[in-house]
Amino acid sequence: MQPPAEHVHWMFATGFVVLGLCLLAEAIVGTEVWSRRRWRAYLWPGTLFLMGVLMWPVMTFFTNSTIHMLAHGTWAQVLMLAGATELALVRGKISSPWWRLTSAAAFLVSGISLLVHEQNGWFFQRSSFLHHLTGWVLVGAAAIPLGRCLRPRSIALGSAFGLAFVVVAVLLFCDRDLAPVFGHLSPVAGAPHR
Amino acid sequence: MRRVAVVALVALAFPANAWAHATLEHTWPSYRERVQTAPKTVRLDFDQGVKPLSNSIVVYTEGGRVVSGTARNGARLHDVVVTVRQLPKGPYTVRWHVISSDGHVVSGVFTFGVRYPAPPPTAAYGSSGPTATEHVVRWLYFLALALLIGGIGARLLVVRGPLPPRAERRFYLLTAIGAFATLEVGIAAFLLRAEDALQLPFGRFVYGDLAPIAGGTRFGVAFIAMTLGFALVSALLFLSWLTDRVVLLWPALVLGLGFASGLSLSGHSAADAGSSWKSELADWVHLSAACLWVGGLVQLAVVVLPLAPELRRAAFLRFSVFATVLVALLLAAGVYLSILRLPHLHDLWTTGYGHVLLVKLGLVAIALAWGGVHRLIAVPEVARGGGRLFARLPRSVLGESFAGMAVLLVAAVLVDSKPPVRPQTELPRSASTSATKTVVSCSAPCLRTEAGPWYHAASARRSSPPNSRNNSRR
């Protein structure tokens, strides 16, 4: 009954696309316009929080190795934490812009988890390359929420924040042999995994 | 720039058939299978090609004797096969290690039985049983449950109305700590048990296959259910804080109490000889009452008494009634379980389990005496409207909660201890027919039961497998 690992990757990639597009839209039209309908303000933080909750089944059911279980557990927690903080900021339960550092920490911890749980070099195989790339993208993207603490109204930083999620989504869509993006490109590469 | 793009594309395309380390997909015999005919070989099937080592599959008898030969690839590179000698009736442990296509050694363990119930992998040959660390982790888990479930219970059943903002913040902080700790400590407990079953050094444990433990043991299934359940409880707790809707705490409380039953459904009350739905229910009532009592005391001492002066009188009197009911449930369930596990009074002073139970009873007596002083002295004074007592009451209530926490520590040790084996004639009929329960009642030398990792004298004298870390751990 367990879905294939690649399907789970793609489901979360879809979630990141939604997040990224919401953030890009907010950056383009401005927070005031975006928040005219109240539910829209909750959309991306709520999605982030929900993705954190949904990561728990991944953690508990994909237990073919300890390191994957721990990595998925870490992502579940940082996604929930970052989503919860952003929801609380929107709701007004907390107000300091420095709470945005939670998102920076979430990016950093997620990136480090990706890098630590990939033990092979960059060019060992597709997934190694993408794990390294995604890990470093996340580590680098941690600077964006940090910048948003200092310049919360910056359109450039808002767009970069949204783009970071879109890039992570594309990398997740690429991450498996049967991926919809850069899938099984060459017969030289051997038979598809599944 | 173009060069970087080309390199990236090539890396994405080649080699595409190796995407992660190997995952074990099937085994013959399968996990915990009870086979009627002794197998001639043991075969593992992976999701990708693997390279076997000479000792890739080692099959142990219950006594630790190796009955397998040299492992080799089977018909496909995905398969690893080893021949085994003629296996007599009994339980067997299979420990395996293969080199994955990414160069990592992946490892695992599973068990099967020949005309005999297979023990869970946590009781496989070579595993050493719970350590002092596991006792502490289990205690922390109980405390986390008490903070979470007891905190929410006290908020809904004792305080009821709105709290002042500072008290409300502290209530959510304490219960959030409980929720976080429940998840974290639960993961730590699972990994400690898995580490003991796999018996691998850390570098290889990180690539150890946890699937047989997660899916093939009561403990693992309880871990999955409780982790998912308490993640949901955490989400509800957060949403309650975010939206200022205390009503969301009701489903959190119901789910929390419901998923706490995972401990009762995977412990002695579910797996040992003589267990039934009544013992499982009693265990759950015992655990729930203890969590609500201790957690409620903490909320009273840390939140209500110091930060909600207008509510403390009503809350204290209400908690007094609430705690009386909880203690009655706690004692009734505890007495029932004690009689079930220790059918003879002399078991209390002649068995190790009885000794731990005596210590627990002593601490329970202290906690009850402390509560009794509150009931007999503080409650009438508060009911008369005497306010002078409230200056000292938080510390005294906190003291009672510490006594309750000490009881939980001994309870953690008790859960990991093994009740004395009841003679065959005393067992209910169902106990000797169930696969997991028969392990206790078998006449042959036994492995540990699933609920209480413990050694029979015969199994304690066995030699350790080649990679066992028992000696260094103990």
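Chain B of this predicted model has a mean pLDDT of 81, with 84% of its residues at 70 or more; pLDDT is the predictor's confidence in each residue, from 0 to 100. Within chain B, confidence is highest in helix α6 (residues 218-243), at a mean of 94, and lowest in helix α15 (residues 457-460), at 33. Helices (H or I, at least four residues) and strands (E, at least two) are DSSP runs, numbered from the N terminus. Over residues 426-474 of chain B the pLDDT stays under 50, and the model has 99 contacts beyond four places in sequence for this stretch. Two residues are in contact if their C-beta atoms, placed from the backbone, lie within 7 Å. Where pLDDT is low, the predicted coordinates should not be read in detail. The model as a whole scores ipTM 0.89 and pTM 0.82.

Residues are numbered from 1 along each chain as its sequence is written, while chains are lettered from A and ligands numbered from 1 in the order in which they are written. Because the model is predicted, local features need pLDDT of at least 70 and side-chain atom pairs count only at pLDDT 80 or more, whereas totals for chains, interfaces and linings use all residues.

Chain A contains eight helices and zero strands. Of its 194 residues, 48% are buried, a residue being buried if 20 or more other C-beta atoms lie within 10 Å of its own, exposed if 12 or fewer, and partly exposed in between, with C-beta atoms placed from the backbone. Among the contacts in chain A with a separation of 6 or more, 66% are between residues 24 or more positions apart.

Chain B comprises 16 helices and eight strands, and 49% of its 474 residues are buried. In chain B, 74% of the contacts between residues at least 6 apart in sequence join residues at least 24 apart. The chain is divided into domain 1 (15-119) and domain 2 (132-422), with bounds that come from an automatic or database domain assignment. The centres of the two domains of chain B, taken over C-alpha atoms, are separated by 40 Å. Eleven residues from domain 1 of chain B and nine residues from domain 2 of chain B take part in the contact. On the side of domain 1 that touches domain 2, strand β8 (residues 105-114) of chain B gives the most, with six residues.

Four strands of chain B form an open sheet of mixed pairing, in the order β2-β8-β7-β4; two strands pair if DSSP finds at least two bridges between them. Strands β2 (33-35) and β4 (51-60) of chain B stand at the edges with a single partner strand each, so one side of each is left without a neighbour in the sheet. β2(B) runs parallel to β8(B), to which three bridges join it, and B:Glu33 stands opposite B:Phe112 in β8(B). β7(B) and β8(B) run antiparallel and are joined by ten bridges, with B:His97 opposite B:Ser107 in β8(B). β4(B) pairs with strand β7 (residues 90-99) of chain B in the antiparallel sense over six bridges, and B:Val58 stands opposite B:Arg95 in β7(B). In β8(B), nine of the ten residues are buried, so this strand is largely enclosed by the rest of the structure.
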